[in-house]
Amino acid sequence: MDQEKVIVIDFGGQYNQLVARRVRECNVYCEIYSYRTDIEQIKAMNPKGIILTGGPNSCYEADSPTYTKELFELGIPVLGLCYGAQLMNHILGGKVEKAPVREYGKTEVFVDKSSPLFEGVATDSAEGSTICWMSHFDYISKIAPGFEITTHTKDCPVASCEDKEKDLYAIQFHPEVLHSEYGKTMLSNFVLDVCNCAGDWRMDSFVEEQIKAIKEKVGNGKVLCALSGGVDSSVAAVLLSKAIGNQLTCVFV
């Protein structure tokens, strides 16, 4: 598929599918890949932007999921969320430690300076704040060189930071969940304004493209589809049925 895309790199967080869904709601095509995906494969996909997800680990531990520093040197905008934010700063020379106070749940986030991510984000008080969803044991105690702090909370000195010149953005909270009141706006700002995506992708266009691709690949052949009843196999069966009709045989497993 040759349309513009944003790539989500999965570090094992619970909201990873939701991150991709929010990007697609901005009418931007999005795919999820494991953190084990080679950097050359990422480069070959030529993404407009990259999002690093949350995860349950501590990035400073030796066996924790990580990625090569080269990812941040491609000239492609990168947005790190929670673990992804900590990992970005850890790799680039900042410091991440166990937080003295764990933040969990709806949290008031104070905006310290203007940022492309917070354009159009309404606030709940004269001090310039908004409610976001926090869930972290660790925190960024020292930002990486070149970064500036953009938001903070009562207990977290770095709720977000950025190296605007290099289009690197780190957010400690979770903008993808509905509890973050203007989270959708922040993600939209990233994919449409920072990454300069056109926002003209549609799910129905994706379906049409997949049906066309299936027809071309199958031709006059027959297809046997093992159907478990789960989402993945059910969607595959529907696409196959629309594409090749009676050339398809489904077997429930």
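**View 1. Helix 1 and its buried residues in a predicted model.** In helix 1 (residues 16-25), the buried residues are Asn16, Val19, Ala20, Arg22 and Val23; buried means under 20% relative accessible area, exposed over 50%, and partly exposed in between (1.4 Å probe, protein chains only). Looking down the axis of helix 1, these buried residues fall within an arc of 155°, so they line one face of the helix; the arc is that of the directions from the helix axis to the C-beta atoms. Their packing partners are strand 1 (5-10), strand 2 (29-34), strand 3 (49-52), strand 4 (78-81) and helix 4 (183-194). Helices (H or I, at least four residues) and strands (E, at least two) are DSSP runs, numbered from the N terminus. After helix 1 comes Asn27, with a positive phi near 60°.

A word on conventions: this is a predicted model, in which local features need pLDDT of at least 70 and side-chain atom pairs count only at pLDDT 80 or more, while totals for chains, interfaces and linings use all residues. Residues are numbered from 1 along each chain as its sequence is written, and side-chain values use heavy atoms, with hydrogens and water left out.

**View 2. The largest nonpolar core, seen around Ile42.** A nonpolar core is a set of buried Ala, Val, Leu, Ile, Met, Phe, Trp, Tyr and Cys residues joined through side-chain atoms within 4.5 Å. The largest one has 29 residues, and Ile42, Leu71 and Phe72 touch the most other members. Strand 1, helix 2 (39-45), strand 3, helix 3 (83-91) and strand 9 (168-171) each supply at least two residues of this core. Helix 3 gives the most, with five residues. Which residues does Ile42 contact, leaving aside its neighbours within four places in sequence? They are Ile7, Ile9, Thr37, Pro47, Ile50, Tyr67 and Leu71, where contact means heavy atoms within 4.5 Å.

View 3. The side chains of Glu40 and Lys43 meet in a salt bridge at 3.2 Å, N to O; the term stands for a side-chain nitrogen of Lys or Arg within 4 Å of a carboxyl oxygen of Asp or Glu. Because Glu40 and Lys43 are three residues apart in helix 2, about one helical turn separates them. Glu40 counts as partly exposed at 45% relative accessibility, and Lys43 is likewise partly exposed, at 35%.

**View 4. A salt bridge between two strands.** Asp138 pairs with Lys98 in a salt bridge, and their closest N and O atoms are 3.6 Å apart. The pair links distant parts of the chain, with Asp138 in strand 6 (residues 129-142) and Lys98 in strand 5 (residues 95-111), 40 residues apart. Is Asp138 buried or exposed? At 4% relative accessibility, Asp138 counts as buried.

**View 5. A salt bridge between Lys154 and Asp155.** Here the closest N and O atoms of the salt bridge are 3.1 Å apart. Lys154 is exposed, with a relative accessible area of 71%, whereas Asp155 is partly exposed at 31%.

**View 6. A nonpolar patch on the surface.** Leu224, Val251 and Val253 form this patch, with about 310 Å² of accessible area together. Patches are made of residues with over 30% relative accessible area and no salt bridge, with like charges joined within 9 Å and nonpolar side chains (Val, Leu, Ile, Met, Phe, Trp, Tyr) within 5 Å. Areas come from the Shrake-Rupley method with a 1.4 Å probe, and for residues only the protein chains shown count as cover. Val253, in the segment after strand 11 (248-252), is exposed, with a relative accessible area of 69%.
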